[in-house]
Amino acid sequence: MTQPADDQASAVPAKVEPPVRYSMSGGFVAFLQRNNIALALTSYQSGRLYLLSRNPKGGLMVNEQNFRKAMGLCVSDGAIFLATLGSIMRLENILRPGQWINETFTQCYVPRTIHFTGVLDAHDVAVTATEGVIFVNTMHNCVATVSRAHSFRPVWRPPFISSLVAEDRCHLNGLAVEDGQLRYVTAVSRSDTVDGWRDRRQDGGVVIDTHTNEIVCDGLSMPHSPRSHRGELYVLNSGTGELGRIDRREKSFVPLAFCPGFVRGLSFHGRYAIVGLSRPRYERFEGLALDQRLREAESTPWTGVQIIDLETRHCVQWFRIDGPVAELYDTAVLPGVICAKSIAFPGDEPLNLITVEE
């Protein structure tokens, strides 16, 4: 319906967002097929969960669903665990082997458990053998688990944080599980004052052993996504754009690969690391070494994922997002998945999708 313009006011044209464009390396789909996997990505900026999988009709299937402020991802026992603006969700695949949707999708992930937490600025999420679901409660500077009656129950907090308050002091953001237990976390600083981490972004980052409260590596630049894999501890040094491992004996960061972006979101499949990349919120990565690294490489930052071969330390495949979606948060590998979709909640679709357990 067209309405006449007010004679006393000038018409302001609606802002039109540029379209989102996807591109990928020539062997990306073949890589997914050869390894029999799909990939999951989150973007809190766009509020979406992306599932990258093989279209049975050919090419890549990019399925995206709205999950407000989609953050940490974890795949456990076939389910996807997702941290969002005010909840921790468990999404289950409702399709049995041989079932399809629209002759295309072989897996369909639907929210089955939603723990409402309120706004905690939850970052990484994982599943442990003792606590079950745990997540980084960045607003309260702790690792927490869900509670039947409350927003959260604290599990661990850094020794330099003096009290449990709703102040993002050190920007605790990442966690690593080892042998079924919480073992390592990352923080941007050791600050114990509200928002103090912002002044320590360049070299205040730490990796902490939660069993001993010992700092196993410091001097990092905005570290994210610590992960244990095949006996090694890996981390993304976001402020320098590097994937690296932690030499726990020397307490040092060993760079393995440089990626052209703010690296955040790390997962593994065998010898391959899946690394998420983001573009800066502003024109430049102000105060970070990444800005200079990009200039030296004559490269511009981009959004997407790079698949790094840990043996050669080279990028072997990539997926890129161009357009208004600039920031990703996490990545996860979905083993044995051919073509996947998810269904968001709230919405009419999950209300009318009824399945029966046999």
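The legends below describe close-up views of a predicted model.

Residues are numbered from 1 along each chain as its sequence is written, and side-chain values use heavy atoms, with hydrogens and water left out. Local features need pLDDT of at least 70 and side-chain atom pairs count only at pLDDT 80 or more, whereas totals for chains, interfaces and linings use all residues.

View 1. The protein chain has an average pLDDT of 93, and 94% of the residues score at least 70. The pLDDT is the predictor's confidence in each residue, from 0 to 100. Over residues 1–11 the pLDDT is below 50, and this stretch has zero contacts in the model beyond near neighbours in sequence; contact means heavy atoms within 4.5 Å. Where pLDDT is low, the predicted coordinates should not be read in detail.

**View 2. Strand 2 beside strand 25.** Strand 2 (residues 37–43) pairs with strand 25 in the antiparallel sense, over five bridges. Strands are DSSP runs of E with at least two residues, helices are runs of H or I with at least four, and both are numbered from the N terminus. Two strands pair if DSSP finds at least two bridges between them. Within this pair, Leu 39 is opposite Val 333 of strand 25. Strand 25 (residues 331–335) is mostly covered, with four of its five residues buried. Buried means under 20% relative accessible area, exposed over 50%, and partly exposed in between (1.4 Å probe, protein chains only).

**View 3. The largest nonpolar core.** A nonpolar core is a set of buried Ala, Val, Leu, Ile, Met, Phe, Trp, Tyr and Cys residues joined through side-chain atoms within 4.5 Å. The largest one has 19 residues, and those that touch the most other members are Phe 28, Leu 32, Leu 39, Leu 41, Leu 52, Leu 60 and Phe 319. At least two residues of this core come from each of helix 1 (28–35), strand 2, strand 3 (48–54), strand 22 (272–278), strand 23 (303–309) and strand 24 (314–322). Helix 1 gives the largest share, four residues. A second, separate core has 17 residues, including Ala 40, Ile 80, Leu 82 and Val 337.

**View 4. Asn 35 in helix 1.** Asn 35 lies in helix 1 and counts as buried because its relative accessibility is 19%. A polar atom of the Asn 35 side chain lies 2.9 Å from the backbone oxygen of Phe 31. Not counting residues up to four places away in sequence, Asn 35 touches His 269 and Tyr 272.

**View 5. The buried side of helix 2.** In helix 2 (residues 289–296), Leu 290, Asp 291 and Leu 294 are the buried residues. They lie on the same side of helix 2 because they cover an arc of only 105 degrees around the axis, the arc being that of the directions from the helix axis to the C-beta atoms. These buried residues pack against strand 20 (252–258) and strand 21 (262–269). Just after helix 2, Glu 298 has a positive phi of about 50 degrees.

**View 6. Positive phi in two loops.** Lys 69 is in the loop between strand 4 (60–66) and strand 5 (73–76), and its phi is near 50 degrees. Lys 69 counts as partly exposed, at 25% relative accessibility. Met 222 is in the loop between strand 16 (214–220) and strand 17 (223–229); its phi is also near 50 degrees, a positive value in a residue other than glycine. With a relative accessible area of 9%, Met 222 is buried.

Methods
A polar contact is a pair of N or O atoms within 3.5 Å; within protein, one must be able to donate a hydrogen and the other to accept it, and residues adjacent in sequence count only if both atoms are side-chain atoms.
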